[in-house]
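Hi everyone, thanks for coming. Let me put the structure up.

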Amino acid sequence: MSGWNGTDARNFISKLTVRRVGNAALLWTSYQLSRLMRRPIHWGNPYSLSIEPTTSCNLRCPECPSGLRAFTRPTGMLQTDFFCRTIDQLYKDLTYLVFYFQGEPYLNPDFLNMVRYAADKKIYTATSTNAHYLNDGNARRTIESGLDRLIISIDGTTQEVYQQYRVGGKLEKVIEGAKNVVRWKKELKSNTPFIIFQFLVVKPNEHQIQDVQALGRSIGVDAIWLKTAQVYDYENDPNGLIPTIGKYSRYEQSVEGMRFKGKIANHCWRLWQDPVITWDGLVAPCCFDKDAQHRLGDLKAQSFREIWRSPAYRDFRSKLWSGRRNIDICANCSEGTKVWG
């Protein structure tokens, strides 16, 4: 289950400045006023941001557009100069930066240089990886980059189970990569990154929950998180992924068939503080818009601040009050629900 460890929390707090705290307060206040008034009132700049190092991936996971090679948008690699220009616009207010949207970040050869650039701006940085590229050299460079949080996806404790979701993956490489990072973190006497095993609970692996917790402890990762899986066609579940253990599922059986558990509220905190930027500069409302179909602006043509205050962004926020369930990317989203995970 996700959360903050004491060391990780203290590290995050160390990134805060008076301006960043003030910006977060403006965002939260305007969001609460918007909920009260039922119209978008928006103050402040992003507190959190996800940026996409690449759309490329070495695996073929069945519920991932990158793994399925199913994008309608262009694919490619985030360029360092574009990344730096973007961060220069935002870093004074930005507290949390996620180097992940789609794809495997370590396939971008400049990925860790970009982490270093953000770390030098005292931004809390995080990424998620399938760990196939955490060889000895990359593991050391990861520590030296200043990355604050490293999420390693490990969805099975045997190769047979692991490969049922992580199609094309090798569990031994994941374990080796995790061991490399843990070892270099100790050798370099670094407090970062906070290393997490993230276990996506699906039907093929649900019997290995205790096993992955034991494996994580034996390797020496800092936390083991269990995460519920988003299934696009949950009514039919063609890949057989919905767990039988109810607390680990976002879905439940009803008389009408399989349904989403959560009550989708007609408001969303993400739309106030946590946008996504694709590798080529498109601004999407949140990480559930995996193909960036709701394009609210293009950083190749506008500054971020122009996009953030634009009529397009305001109109999208307004749609929340007319029924979030009617927005395609919101209909299967766990934000604002009581679904565990």
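**Salt bridges and their surroundings**

Let's start with D88, which is partly exposed, with a relative accessible area of 40%. Before going on, please keep in mind that this is a predicted model.

So which residue does D88 form a salt bridge with? The partner is K121, and the closest N and O atoms are 3.6 Å apart. This pair links distant parts of the chain: D88 sits in helix α4, while K121 is in the loop between α5 (111-120) and β3 (124-129), 33 residues apart. K121 is partly exposed too, at a relative accessible area of 23%.

Now, how many salt bridges does a search of the whole structure find? The search gives 17. One of them is between R19 and D93, where the closest N and O atoms are 2.9 Å apart. R19 belongs to helix α2 (residues 18-37) and D93 to the loop between α4 (80-90) and β2 (96-98), so this bridge ties together parts that are 74 residues apart in sequence.

Is D93 buried or exposed? With a relative accessibility of 5%, D93 counts as buried, whereas R19 is partly exposed at 42%.

Here's another pair for you: D298 and K300 form a salt bridge, with 3.0 Å between the closest N and O atoms. D298 is partly exposed, its relative accessible area being 21%, and K300 counts as exposed at 57% relative accessibility.

Technical notes. Residues are numbered from 1 along each chain as its sequence is written. This is a predicted model: local features need pLDDT of at least 70, side-chain atom pairs count only at pLDDT 80 or more; totals for chains, interfaces and linings use all residues. Side-chain values use heavy atoms; hydrogens and water are left out. A salt bridge is a side-chain nitrogen of Lys or Arg within 4 Å of a carboxyl oxygen of Asp or Glu. Helices (H or I, at least four residues) and strands (E, at least two) are DSSP runs, numbered from the N terminus. Buried means under 20% relative accessible area, exposed over 50%, partly exposed in between (1.4 Å probe, protein chains only).
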